Structure formats: C-alpha cells, structure tokens
Amino acid sequence: MSISIIQEQHDILISTIRNITAGDWKILVVDNDSKKLIDNVAKEDDILNHNIANIEHIEERREPNPSMDAIYILSPQPHIVDCLIADIERRKYQKYFLVWTAVLNPQLRRRIDGSALAKQQIAGFETLSIDFFPRESRLITFRDPWSFPILYHPACNGLIRKHMQDLAQKITGLCVTLGEYPKVRYYRPPNPIHEASVLSSHLARFISEELDEYAQWNPNFPPPSSRPQGVLIVTDRSMDLMAPLIHEFTYQAMAHDLLPIQDGDKATFHMTVNEGDHDAEEKDMELAEKDKVWTENRHRHMKDTIDKLMGDFQKFLDQNPHFVSENKDPTSLNAIKDMMAGLPQFQEMKEAYSLHLTMAQECMNIFQHHKLNEMSPIEQDMATGLDEDNRKPKNVLDAVVRLLDDDAVTQSDRLRLIMMYLLYRDGVIPEDISRLLAHASLPPQDGEVITNMELLGGRMTHAIKDVRKDLQPLFPIDTKAPMAEDNYMSRFNPAVKSMLEYLCRGALDQTKFPYIKPPLDPNEDALIGQGSLRAAKPSWAGAGRRVLDNRQRIIVFMAGGATFSESRACYEVGAAMNRDVFLATSHMLSPQLFVRQVGDLSVDKRRLDIPMERPPPRAPAHLFERPAPPPMSRPPGPPGGHQPGPGRAPPPGPGGFPGGLPGGPRLGGTPTPPAPPTQAMSTMSLHASNPSNASDTAPSPSKPGKLEKEKKKRNIFGMKKG
C-alpha cells in the first residue's frame with residue numbers, strides 16, 4: 001500500500017491518545033492551533049471513539065472536572081503555557097498528560113517545572129513532531145504565506161534567522177514522522193545576482209543540525225528499515241520563476257489559476273447544488289482527498305479530464321438506462337449536468353460529478369474567451385527557450401505584442417506575459433519595459449512587480465553596454481527526444497521534475513546541488529539510481545503476496561511557496577522512478593498570489609502585517625479573574641468554616657463559571673525571548689561550533705531527548721506502521 005503522510009500523522013495522533021487513555025475515560029484539551037492540526041487529519045469521532053469523554057478548548061471557559069484525568073495536546077506557545085499553568089493551579093482536572101505538537105522552549109519548560117502543583121499533577125510529558133499540515137498524500141504545507149516576504153523582502157533580514165529555525169524544526173518533524181534521517185542536499189544557484197541566493201544553503205544547514213540533534217537525544221531514531229537512506233533536497237522559489245507564471249492545463253493547476261477557489265484551511269469552490277430544482281442551494285464544495293473524482297483526475301490534462309468525466313458518466317447511464325432522456329445528448333457537458341439533476345438517490349455521486357463538470361466547464365469557457373489557446377504556444381516557447389520543433393523560437397516579441405493588443409487578454413495575463421518575456425530575454429533595457437507596460441495599458445505600479453523579480457534572482461533589466469552572456473538553462477532540454485504531436489501546449493516541465501529525474505538516475509550535479517555532508521562513497525547515488533534488490537519489487541512477487549514497501553523516500557522542500565504543477569511533477573516522477581516523493585512548502589502558489597506577493601516586496605513591511613511582528617497573543621483574561629463570593633444571606637462564617645484550604649480550588653463563581661486565580665501566574669511573567677538578529681542573510685554565521693538552533697542565553701529548544709530523557713521513551717516513531 002502506498003504511503004500517505006495524512007494517514008501517518010493521523011496514526012501518530014490516534015495511537016498517542018489510545019496509549020494514554022489505555023481504556024480509561026479522559027478529557028482531551030486542545031488550543032486553537034493544535035485543533036487545526038488535529039482537524040486536518042482526524043475526524044472528531046475518530047478521537048471520541050478512543051475513550052475521550054469530551055473535547056475542550058484551553059482558551060475557553062470550562063467547568064472544572066477534578067475527578068477526571070485530561071490529555072492536553074498543545075502548541076508550544078507562551079500564552080498556551082499560561083493557560084496550562086492556570087488550569088493546574090486551579091486543579092481543573094485530576095491528572096494532566098501533556099502532549100506538545102512541537103518542541104517546547106526550555107524557558108517555558110522551566111516555568112512548568114517551577115510549579116509545585118505541576119510536579120504533583122502532571123502524569124505524562126511528551127513531544128510529537130507534527131507541526132505541519134498534510135494537504136495530500138504526498139503534499140505538505142505549513143499554511144504560512146508570510147514566509148515569502150520574510151525570505152525575500154529587503155526589510156525582513158532581522159526576521160530570517162528565527163524564521164529559518166522554525167522552518168528547520170517543522171521539516172525535521174516531517175522527517176521524524178516519516179522515519180527518515182535523510183542525506184541533505186540544497187540548491188546553489190550557478191550565477192546568482194540576488195542576496196537571497198544563499199537561502200537554500202543556510203536553511204539546509206539549519207535542518208541538518210536539527211536532525212543531528214534529534215538523533216543524538218533519541219537513540220531509536222531513525223527506526224530500523226530496509227529502505228535506502230532517504231534524500232532531502234532544499235530549494236527555493238528562485239530555482240524556477242517560470243513555473244508560477246505559465247498557464248498550466250492540467251486540471252488542478254488550471255482550476256486554481258482560473259477559478260475563484262478559496263484556499264484556506266480547506267480548498268473550496270462555491271457553486272449551486274441541485275441547480276434548477278426546488279432544493280437548489282449555494283454551497284462551498286471541498287476539494288479534498290476523500291473526493292475520489294478529484295484525486296483521480298487532478299493531474300490529468302483538462303481535455304483528458306473532461307473525457308474521463310464524460311466517459312464515467314456514460315458508463316453510469318449504460319448501467320442505468322432509465323435515466324437517459326431522449327432529448328439529451330450524453331456527449332454534451334451541459335446535457336450531462338442537466339441529467340444529473342434528476343438523480344436524487346445518488347446524491348453523493350451527483351454532487352461530486354456536478355462539482356467537477358461545473359469546474360471543467362468554467363475553465364474551458366475562460367480558456368476560449370480569453371485566448372489562452374493563442375497565448376499558450378508563445379508561453380511554452382519562452383518557458384522552454386525552444387519552439388515546437390525544438391529550435392530557437394522566432395518573432396517572440398511580435399507574438400507577445402500582438403497578444404498585449406488583444407482586448408480578450410486580461411490585464412493579469414498581460415503582466416504575466418511581459419514577466420515571462422523578460423525572463424526569457426534575461427532582461428531588457430528599462431525603456432523597453434516602460435514601452436511594454438504602456439502598450440499593454442498596464443499601470444506604472446506594475447513596473448514594481450517586474451523590478452521586484454530581481455529579488456528572486458530574475459534578471460529584468462540590463463544596461464545598453466552590458467556584455468550579454470549566453471546562459472545555459474539549469475536543466476538543458478534534450479532536443480533529440482521525440483515529442484508527442486498533441487503535447488505542443490504542454491512542453492514545459494517545472495525544474496523540480498528535471499531535478500528529481502536526475503536525482504533518481506544518480507546524475508544530479510553536485511556543484512549545483514551539493515550535500516551538507518558528502519557521502520563517503522561518491523558512487524552511492526549512481527548505485528541507488530541503477531536500482532537495487534532492496535529498492536525494486538521482485539519479479540516473482542505474485543499478486544496475492546504482500547511485498548514490503550522498500551522504495552527510497554525523497555523529500556523536496558520548496559522555500560517561498562510551491563506550484564500545483566510542481567506537486568504533480570513529484571507524483572509523476574515517484575510513479576515513474578519507483579520512489580516515494582514528498583513535496584513540502586510554506587504555502588501553495590497560484591499565479592495571481594505569486595504576482596501579488598512579488599509586488600508586496602516593495603511595500604512598507606509594516607503594511608504586510610507579518611505575524612512574527614504582531615504583539616504576542618495573551619491568555620484569556622477570564623483565566624485570571626478572582627472568584628466572586630458565593631451568594632449568602634449572611635456574612636461568611638468564622639475561619640475554618642467553608643474556606644478552601646491552601647492549594648485547593650475555589651468554588652465556582654456565579655453562572656457556574658470557575659473562579660479566578662488569586663495566587664496564579666500573571667501574563668507579565670513570561671520571559672522575554674532574545675531579540676532576533678538583524679544581520680543580512682548573506683552574512684549569517686553558521687559555524688558548526690555554535691548551532692543555528694542554539695540560543696545565546698538558553699539551551700536549544702530542539703533537544704526533546706535531553707529535556708525528557710528521564711521520561712518514558714516515546715514509542716510512536718518506533719512503532720511498525722501498518
């Protein structure tokens with residue numbers, strides 16, 4: 001069975017809860033951030049079915065339940081520790097089993113250890129490395145679009161080191177979840193012109209140090225495996241600037257480019273369900289792994305997707321001929337949608353097919369009305385540097401200008417065309433950019449978007465007297481390879497795909513993709529690329545015989561956001577090369593989001609509202625309210641009557657809410673973390689004697705084993721996965 005990172009994280013959470021409850025009923029307490037992690041991979045019923053009596057939110061008012069134990073699954077943040085200590089001091093529950101979604105800062109750990117009541121009542125303390133969001137079986141995001149300006153905005157240099165430490169911990173957590181202690185490689189641009197060219201090398205070193213430290217304090221990591229050692233490749237958006245701009249015609253990428261898909265905690269498309277019926281309703285339809293029509297078709301070319309949807313529906317009609325209308329043509333998308341409206345007893349299938357037929361139809365309408373069929377060939381020429389005959393393209397500027405003149409081409413598409421043309425030309429003189437913008441009737445501020453591309457390594461301008469170099473592409477195209485006749489509008493492949501293919505063949509250039517720690521055997525990659533008995537499925541393995549999944553695992557981290565075409569490439573190479581390839585990134589990029597974020601690189605960073613620069617969240621004030629006196633008809637009795645003794649919880653206040661915390665912690669008591677360094681990324685010191693994840697004043701927050709080595713060893717990551 002193929003591995004799914006969604007299932008891996010789900011199993012870790014459920015097994016942790018099951019091991020702690022051990023058949024006894026307990027309460028589960030979560031915070032807003034940890035709840036998002038849990039909800040992303042597990043249903044509430046999955047949790048309640050493992051002896052969880054109730055799920056409560058630590059930030060909300062809750063009735064005390066001192067007769068029951070509680071499991072806390074919490075994010076390691078200062079205000080969450082404030083909430084936790086308030087619960088402990090109030091004796092909210094009987095015993096406390098603490099589970100952290102990532103490593104707790106030692107300063108915060110000392111705050112908990114400094115509470116006498118905490119020492120008495122905490123029955124368990126463990127750290128899970130699950131601070132990431134699996135989006136698909138092989139796609140992981142951190143839901144952090146602010147990573148882009150932090151990494152590339154010139155005014156954010158002071159935030160970079162802390163952000164890289166956070167990224168390194170999340171990526172290490174992904175590796176731990178997969179049971180991989182990989183070789184780490186990174187992208188080193190061959191001809192850098194931008195300050196952020198050192199981004200991948202610094203981040204790769206941070207990750208390597210985090211992995212080494214985790215392995216040092218967790219002797220059971222990595223778990224035993226017959227797989228070849230995995231590989232982690234750290235790259236960033238500057239490796240491929242064409243991929244976020246070009247029009248893609250595979251279903252998922254095209255839909256996210258052309259349709260108003262809301263891409264937040266869930267990806268949803270708003271549409272009318274049961275259109276034309278009395279029970280028609282507006283609904284946000286989710287695009288998720290549970291939607292089999294979506295997962296089967298998302299990487300297909302749009303033409304193939306439509307053929308598949310119509311073919312599957314035709315099979316249904318063949319099996320149910322009484323649904324066929326004599327007046328309807330089952331080969332028409334609109335006719336199929338009308339026929340589907342008459343299938344109330346097949347509601348789930350009806351909604352899924354209605355969703356995807358609607359999305360496909362809307363994509364094709366935009367494709368036709370906005371001349372994407374005319375735009376695509378010239379985009380392909382510029383992105384590949386070759387025409388459909390694998391020769392240097394001619395009259396590129398004429399074709400671009402003709403499209404800029406066409407009223408059917410949208411303003412956003414005109415800007416994308418100009419940006420692609422400038423990348424193709426490796427820059428033009430500034431006056432020519434002004435002429436192109438004026439010709440396209442674009443506002444002058446779009447010139448800032450173009451200029452900002454240089455912060456990502458894209459050369460947009462050059463002086464008249466500059467000597468032009470004939471730069472070779474990162475991965476040259478084999479011009480002798482045959483090309484399918486119907487492939488002329490999909491000739492471009494993201495650089496990630498070529499990188500993975502070279503890696504799997506053991507031929508990835510070590511000068512452009514060096515190791516953090518070069519292997520002892522320089523031929524190691526080539527041997528793995530040629531295949532081995534361990535990595536290949538034996539030819540004698542019968543259909544009924546289970547074969548161990550020994551495929552090598554490759555993790556690609558794309559800093560600055562990844563595209564859906566790059567996600568598709570990872571699936572395709574994995575299937576073709578017999579590898580399990582995972583793509584991790586801060587966030588997913590549509591072309592519109594990419595252009596907007598590039599434009600923001602010249603905006604005053606205070607306007608970007610970067611979370612790292614917001615005031616830190618505070619624990620809710622109600623946790624620190626003093627209890628109201630109970631209603632009485634006479635003054636309180638003499639001392640020793642009904643007053644709570646030292647360390648006892650006060651009675652609930654009016655309305656059943658628990659009282660305040662007379663002797664509890666105050667919000668101002670949280671230690672102030674050291675200020676982030678302010679040096680530019682290119683001058684950061686990464687000397688091994690002072691690890692990147694070490695604080696100047698406190699132990700590293702990434703030493704779970706050191707902090708917990710007297711605790712019971714975690715048995716999750718060593719468990720044999722089913």
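Q: How are the axes of helix α4 and helix α5 placed relative to each other?
A: Axis distance and crossing angle describe a helix pair. In this predicted model, α4 (residues 78-89) and α5 (residues 106-113) have axes that come within 11 Å and cross at roughly 10°. Angles under 35 degrees count as roughly parallel, so α4 is roughly parallel to α5.

Q: Which residues of α4 and α5 meet?
A: From α4 come P78, V81, D82, L84 and I85. From α5 come L108, R111 and I112. By class, this contact has six nonpolar residues, two charged residues and no polar ones.

Q: What does α4 lie across, and at what angle does it run to β4?
A: Helix α4 lies across β3 (70-74), β4 (96-100) and β5. Against β4, the helix runs at about 175°.

Q: In what order do the five strands of the open sheet stand, and what is the pairing?
A: Start with the general idea. Strands of a sheet pair through backbone hydrogen bonds, either parallel or antiparallel. Here the order is β2-β1-β3-β4-β5, and the pairing is parallel.

Q: Which are the edge strands here, and how are neighbouring strands turned?
A: An edge strand is read from its partners. β2 (52-57) and β5 (122-127) each pair on one side only. Neighbouring strands in this sheet are turned by 15° against each other on average, ignoring direction.

Q: How many bridges link β1 and β2, and what is the bridge partner of V29 in β2?
A: Strand β1 (residues 26-30) pairs with β2 over five bridges, in the parallel sense. V29 has E56 in β2 as its bridge partner.

Q: What is the strand order in the open sheet of six strands?
A: The order is β6-β7-β15-β13-β9-β8, with mixed pairing. β6 (133-136) and β8 (183-186) stand at the edges. Each has a single partner strand, so one side of each is left without a neighbour in the sheet. On average, neighbouring strands of this sheet are turned by 25° against each other, direction ignored.

Q: How do β6 and β7 run, parallel or antiparallel?
A: They run antiparallel, and three bridges join β6 to β7 (residues 139-141). E136 stands opposite L139 in β7.

Q: Which strands does helix α8 lie across?
A: Helix α8 (residues 157-178) lies across β7, β9 (231-236), β13 (553-559) and β15 (580-585). To β13, α8 runs at about 160°.

Q: Is M310 buried or exposed, and why?
A: Relative accessibility decides. Buried means under 20%. M310 counts as buried because its relative accessibility is 15%. The residue is found in helix α12 (residues 302-319). Its C-alpha atom is separated by 9.4 Å from that of Y353, 43 residues apart along the chain.

Q: What are the totals for the protein?
A: The secondary structure comes to 24 helices and 16 strands. Of the 722 residues, 53% are buried. Among contacts with a separation of 6 or more, 81% join residues 24 or more positions apart.

Q: What is the mean pLDDT, and where is pLDDT below 50?
A: Read the mean first, then the local stretches. The mean pLDDT is 83, and 77% of residues reach 70 or more. Over residues 532-548 the pLDDT is below 50. That stretch has 13 contacts in the model beyond near neighbours in sequence. Residues 637-683 also stay under 50. For this stretch the model has 85 contacts beyond four places in sequence.

Methods:
Residues numbered from 1 in each chain as written. Predicted model: local features only at pLDDT ≥ 70, side-chain atom pairs only at ≥ 80, totals over all residues. Heavy atoms only, no water. Axes fitted to C-alpha atoms, helices over the stretch in contact; angles between N-to-C directions. Helix = DSSP H or I, 4+ residues; strand = E, 2+ residues; numbered from the N terminus. Parallel < 35°, antiparallel > 145°, perpendicular 65-115°, else oblique. Contact = heavy atoms within 4.5 Å. Nonpolar A, V, L, I, M, F, W, Y, C, P; charged D, E, K, R; others polar. pLDDT = per-residue confidence, 0-100. Pairing = 2+ DSSP bridges. Buried < 20%, exposed > 50% of the residue type's maximum accessible area, 1.4 Å probe, protein only.
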